[in-house]
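Subject: Structure handover

Hi,

Here is the structure for you to look at. My notes on what turned up follow below it.

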Amino acid sequence: MARRFLIGTLLLACLTTRPALAETPEHYEQIYLTQEQALRVAIPEADKVTPRPVTPTAEERKQIERRLGRKLEESSYVFHEGTRGGKTVGYALVVDELGKYYPITFIVGLKPNGEIREVAVMVYRERRGDAVRRGRFLNQFDGKTISDPLMVNRDITHLTGATVSSWSIAAGVKKALVVFETLIKR
Amino acid sequence: MTKNMLLLHRWLGLVAGLLILVAAGTAIGLNHQDWFRKQPVMSDGPFSKYVLSTAVDPTDAQRILMGTNDGFYRSLDGGQSWEEVVLPVPAEQVGAIQFDPTQPGRVYVTFREIGLYRSEDHGDIWEEVGLPFYPPEGIHLSGLAIDGAGKLTLATTAGLYREGANGWESVGGAPDKPKASQALQLLYDLHDGRFWGTYGVPITDGVSVSLIVLVLSGYFLFFGREIRKRLARRKAAAKPPIEPQAPRAREKASV
């Protein structure tokens with residue numbers, strides 16, 4: 001009886017985990033933070049958050065692309081400016097960055113001087129690799145600035161089993177910093 | 001016979017316990033490779049690394065690109081000074097760099113386990129070139145050639161791919177390679193628990209720690225008993241021998 005139960009459990013487990021090996025990637029959306037929650041995490045001191053849309057000029061766009069070494073997909077960005085008593089206490093940008101197959105949505109919280117305060121994953125859309133939302137990976141970005149390489153295998157260690165997602169988040173954080181420096185901090 | 005079997009069973013158990021310790025310990029190690037990884041030190045230039053590829057821009061001989069085992073560098077002054085090319089992916093194992101002879105400014109670079117990238121502006125801004133396979137999943141890029149018409153030929157660990165009128169075409173090779181790597185990946189996934197999804201890793205860690213505790217406590221019980229036995233024997237041997245007693249008085253009287 002016990003043996004049958006064990007075999008049955010193993011078969012069931014194999015059947016339920018089979019999609020992990022499938023050729024076609026499974027869309028497996030996990031929402032960890034809503035935008036409101038993410039903004040609270042990214043700019044915790046703010047008592048008011050105001051959206052601040054920015055559109056780079058052709059020249060600024062080229063400048064950002066050169067600093068990132070890649071083309072920008074977005075034509076504009078919406079920064080969220082957090083204030084407390086009328087004083088700016090931080091900024092946040094929601095970034096969509098392509099993971100292995102689907103985009104990862106995460107928020108990058110910045111101090112007014114451009115230092116990273118917080119990075120938090122909001123939506124992860126693949127079955128594997130969501131370990132990048134853990135502090136063990138994301139805490140590596142805290143306190144980094146535009147002068148840091150922000151590159152996996154340089155100053156960021158990727159997570160085993162989430163290599164591509166680690167690259168994507170590092171690239172997205174760098175993009176947020178460069179866009180902030182070019183369009184907000186100037 | 002039974003005694004020999006018990007002895008064999010005991011020693012096989014000890015050896016198996018050692019193997020379980022190794023397997024469980026390495027499973028935990030594989031799951032947490034970052035514990036052992038050192039942060040790489042930033043290099044001053046490409047020459048302290050293994051240089052794997054070099055290319056000179058045909059339109060500007062001062063512009064040189066150089067790829068190493070863990071970096072991609074650019075010189076704008078004929079090699080006097082170098083700067084690291086910024087990329088959205090780790091620039092590792094830069095296998096080939098090719099300037100397109102038909103399109104000034106267009107240059108391709110391959111990263112062995114990452115993919116093929118193209119720049120249209122001599123190497124400032126890069127974009128990924130779509131391939132019919134995904135290099136991080138096992139088919140790695142070994143070399144790149146470009147013909148007079150600007151068409152690419154890509155050497156991979158699964159054979160040759162050529163850019164044709166309808167995109168990439170496979171030109172023979174080893175078609176069973178991806179299957180083999182998938183099987184290997186399955187083995188890895190089963191070993192480190194990732195097969196079972198997000199919670200598989202902590203579960204495997206827990207099982208590994210339990211196995212280690214089980215084996216160590218087994219050793220403690222086994223060797224502890226053996227040590228206690230030996231100590232008792234030694235203690236007994238150290239005691240002075242018991243002298244024979246004189247016969248009692250009543251016994252003497254009865255006699």
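Five residue pairs, both partners at pLDDT 80 or more, are in polar contact between chain A and chain B. Keep in mind that this is a predicted model.

H3(A) gives the most, with five residues. By class, that side has 16 charged, 10 nonpolar and eight polar residues.

Salt bridges between chain A and chain B number three. One of the salt bridges joins the side chains of A:Arg66 and B:Asp124, at 3.3 Å, N to O.

Now the interface totals. Chain A puts 34 residues in contact with 37 residues of chain B. The two chains bury about 3200 Å² between them, and 51% of it is on carbon and sulfur atoms. In chain A, the residues that lose the most area to chain B are A:Arg154, A:Thr160 and A:Trp167. Together they make up 22% of what that side buries.

Next, the second largest pocket. Its volume is about 510 Å³. It is lined by 24 residues, and the closest to its centre are A:Arg70, A:Glu97, A:Leu98, B:Tyr117 and B:Glu128. Strand S4 (87–98) and H5 of chain A each give two or more residues to the lining, as does strand S8 (126–129) of chain B. H5(A) has the largest share, five residues. The lining divides into 12 nonpolar, 10 charged and two polar residues.

Best wishes

Terms used: Residues are numbered from 1 along each chain as its sequence is written. Chains are lettered from A and ligands numbered from 1 in the order in which they are written. This is a predicted model: local features need pLDDT of at least 70, side-chain atom pairs count only at pLDDT 80 or more; totals for chains, interfaces and linings use all residues. Side-chain values use heavy atoms; hydrogens and water are left out. Contact means heavy atoms within 4.5 Å. Buried area is the accessible area (1.4 Å probe) that two parts lose on being put together, summed over both. A salt bridge is a side-chain nitrogen of Lys or Arg within 4 Å of a carboxyl oxygen of Asp or Glu. A polar contact is a pair of N or O atoms within 3.5 Å; within protein, one must be able to donate a hydrogen and the other to accept it, and residues adjacent in sequence count only if both atoms are side-chain atoms. Helices (H or I, at least four residues) and strands (E, at least two) are DSSP runs, numbered from the N terminus. Ala, Val, Leu, Ile, Met, Phe, Trp, Tyr, Cys and Pro count as nonpolar, Asp, Glu, Lys and Arg as charged, and the others, Gly among them, as polar. On a 1 Å grid over the protein atoms alone, a cavity is a set of points where a 1.4 Å probe fits but cannot get out, and a pocket is an open set with protein on both sides within 12 Å along at least five of seven lines; lining residues have an atom within 4 Å of a point. Grid points are joined across faces, edges and corners, and a volume is the space filled by probe spheres set on the points.
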